Each structure stands twice: as structure tokens, then as C-alpha cells.
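Subject: The structure for you to look through

Hello,

Here is the structure I promised to pass on. Please open it beside this email and follow along as you read.

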Amino acid sequence: MEITDIRAIPLAHSLPEGRGLGDARGFGTDRGTTLVRLETDDGTVGWGEAFAPGPIATATVEELFADDVLGMDPFAVESLADRSYTDPYHFGGDVFVQSAVSAIDVACWDIIGKSVGRPIHRLLGGTQCSELTPYASTMYFTEADRPIEDPIRVAVVEGFTAAKIKIGSGIADDIERVRTAREILGPDTDLMVDMNGNYRPHQALESARAIAEYDVTWIEEPVPPENRSGYRELRSKIDTPIAAGEAHYGRFEFKELIDDRTVDIVQPNLGRCGGLSEARLIAGMASTENVAVRPHIWNSAVGMAAAIQFAASISSYPNTRHVPEPMLIEFDRSENPLRSDLLETPFDPAGGTITVPQSPGLGIDIDEAALERYRAD
Ligand SMILES: [Mg+2]
């Protein structure tokens, strides 16, 4: 089997004027990403996503990888990471290179799964996993002035049993947001907060202590992702677990987060971290330091499918059934048709569960009409 066709397909969608949303760092109206479609000589098609802007991801795929990928056996997928660090030499430690590798890697795994008739999570050595627990990623900062409690009420109505909210724009506002979310969610749900790296360590520490009484499951990116010493300082002073990883890529960066437990939870994005091959390596490294792995998902439905297959393969070690800790999977509740419209059968979080596709590969079918609708090339 060999790959005979590779295409990068940039996608984009813009929210209407005034409907921007975001985090403590600001609002955005544009959502963009890049899909990669591979086809083999026997007509098998695989999909992956580079979680990177279309023009850059497309150029990276076409200029740096297309020649080598054409003619490649998709079962040689794990050679892609090596290649990214050696040819072209010194380019591997680049976010756009690793985003391109991620897309090609996931598409290869999709093809492998289809050719052997197994879902990817079974290929990665996972046990039979049929359901995951989605958490609503919500309570964004919004351009329009809206009541902060509305999105959490919606999440509860939709059946979510866990949620992550945006904070990080000042201690008083953090308390107000977390208190509001906890009151609506009730005492028994997982509530996570995301500061999007908007604080210095002393500010993050003050906030973490102020919201501790609301039983926060993790604090995400309390300081900028480059600020490793900030993570270490906070970890030594607070009890709430710290999560990071969406801004990181490749085994070498994740090793820095995992070594000596710089953070408690790593969050690889399957469209950026290097793909399923690299994510599996990251999960293995994480297990050596007893660091948890919870994938970050702000992608299109293709990246989400990859993250779901990956999450379904992760061992819960060392937890046993006596220490329940659900494999929480991020479910972005912002308006994004690249997530909601791209599949023939969209992922459905209703009832507080995500069904893990059991059909071969990623287990998804692309809605070709939707793909054409959001193409940005
Ligand atoms: Mg985040």
C-alpha cells in the first residue's frame, strides 16, 4: 500500500460582527484550520487536521512533506516524526511543522484503521472503550454584553456533567465567574478554569487561593505557557492541579512539562502535538511521572475525532475503579460550524456522554458539501 495523493484543505469561518468571543486575552471572530486528505493506491482515504492557519499549514504540507509522503506506506507512519526533525534538519521544533506532521500522521492512522478494520483506539493498544465524559468548554468572554450565567445554564440543560470556564481578567471577576458556575452546576460536577496565561505567578496564586473553596478540578494555563518556572512555583504553593499543553508540540516540549511534574495534567492537541504517534509517546512519558493526560480540543470535527480516539486509548493507571476519575473530553460550546457541521454524523454530547466511534479508523464520514462550504482556498 502506498500514498498516491495528498491534499491540504484550508477551512475558515467567521462569526458575525459583534459576536466575537474568546478568553482573558481578547476576542476573536475567525475560526480557521487545515485538513489533510490522503489517498492510497487502493482508494482508501484518510483525514487529519493541522490546527494552524490555512496558508501556512498548506505551504508547510506541500513544500516540506508532499514529495516524501507520496509513495510512502501509511503503516510507516511513525517515521514521520523522525523525518520532521532530520529532513529538513532543524525544522522539527516548529509549531507549523508539527501541525503538518499531526495532520499527516492522523490521516495515516485513519487509513491503517480502515485497512485492518479497527478503530484507532484499539490500534493504539487501548481497551474496549465505548464512552467518554464530555465537558462543556464555555463561559467565554464575549464581545456582546451577555449574562455570564447563560452559557452554564445551557450546558446543564444539554446534559453536561462537567464544564470549563474562562477566567483570568482580575481576581474579583474570577471569583464571580467561578461562584456563578459552581452555583448553577451544583456541588458534584467537575469545574475547570482556564486563565489562558494572562497572569504573573503572584496574580495566579492570588486567584487560585480565592477560588479554591469552589472545588476546582484543574487550573489551565495560569501563567503563559513559556513560563515553566511560573508553573513550578504555583505547583509548590497550591493544591489545585495545574494543566497545560495546548500551546506545546512535540515530545521535547512535553518532556519539559512532564519532568519533575512541572504540571499535573498535560493537554496535547491532536492537530498540533505531532499527531497520534507523538501523543502516544507523550502519554507514555506522562505515565512515568504520574501526570494525567486530557487532550485539548478547539479543532474541527476531524481533530476532535482524533482526540476522542486517543482519549479512548489512554490508560487510567494508576487509578482503579475505586478512585473514579473520568476521562474528560473537551467539547467546545462556542459557535463553530467546522466542528458542528463537517461530519455526516456529528459528535453528540447529549446526556453527558460521548460515544467513541467503533467503526474503522477515525470512525467518521466527512460531509463533502459542508467541506466545500467552508473551504478557504
Ligand atoms: Mg485552554
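In which helix does Asp-82 lie? Asp-82 sits in helix α2, residues 79-86. (Helices are DSSP runs of H or I with at least four residues, strands are runs of E with at least two, and both are numbered from the N terminus.) Asp-82 is partly exposed, with a relative accessible area of 45%; buried means under 20%, exposed over 50%, and partly exposed in between, using a 1.4 Å probe and protein chains only. Between Asp-82 and Pro-16 there are 66 residues in sequence and 42 Å in space, C-alpha to C-alpha.

Before you go on, please keep in mind that this is a predicted model, in which local features need pLDDT of at least 70, side-chain atom pairs count only at pLDDT 80 or more, and totals for chains, interfaces and linings use all residues. Residues are numbered from 1 along each chain as its sequence is written, and side-chain values use heavy atoms, with hydrogens and water left out.

**Domains**

The chain is assigned domain 1 (3-117) and domain 2 (121-368), with bounds from an automatic or database domain assignment. Their C-alpha centres lie 22 Å apart. Across the two, 44 residues of domain 1 are in contact with 51 residues of domain 2, where contact means heavy atoms within 4.5 Å.

**Nonpolar cores**

A nonpolar core is a set of buried Ala, Val, Leu, Ile, Met, Phe, Trp, Tyr and Cys residues joined through side-chain atoms within 4.5 Å. The largest one has 106 residues, and Leu-38, Ile-104 and Phe-347 are among those with the most contacts inside it. Helix α3 (residues 95-116) supplies the largest share of this core, 11 residues. Domain 1 and domain 2 each give at least three residues to this core.

**Pockets and a cavity**

On a 1 Å grid over the protein atoms alone, a cavity is a set of points where a 1.4 Å probe fits but cannot get out; a pocket is an open set with protein on both sides within 12 Å along at least five of seven lines; lining residues have an atom within 4 Å of a point. Grid points are joined across faces, edges and corners, and a volume is the space filled by probe spheres set on the points.

The largest pocket holds about 850 Å³ of space. Its lining has 39 residues, with Arg-294, Ser-315, Ser-316, Asn-319 and Glu-325 nearest the centre. Helix α10 gives the most to this lining, four residues. By class, the lining has 20 nonpolar, 12 polar and seven charged residues. (Ala, Val, Leu, Ile, Met, Phe, Trp, Tyr, Cys and Pro count as nonpolar, Asp, Glu, Lys and Arg as charged, and the others, Gly among them, as polar.)

The second largest pocket has a volume of about 520 Å³. Among its 29 lining residues, Asp-23, Lys-166, Asn-196, Glu-246 and Trp-298 are closest to the centre. Where does the second largest pocket lie? Both domains give residues to its lining, so the pocket lies between them. That lining has eight nonpolar, seven polar and 14 charged residues.

There is one cavity of 30 Å³ or more. The residues that line the largest cavity are Arg-31, Ile-297, Trp-298, Asn-299, Glu-330, Asp-332 and Arg-339.

Happy exploring!
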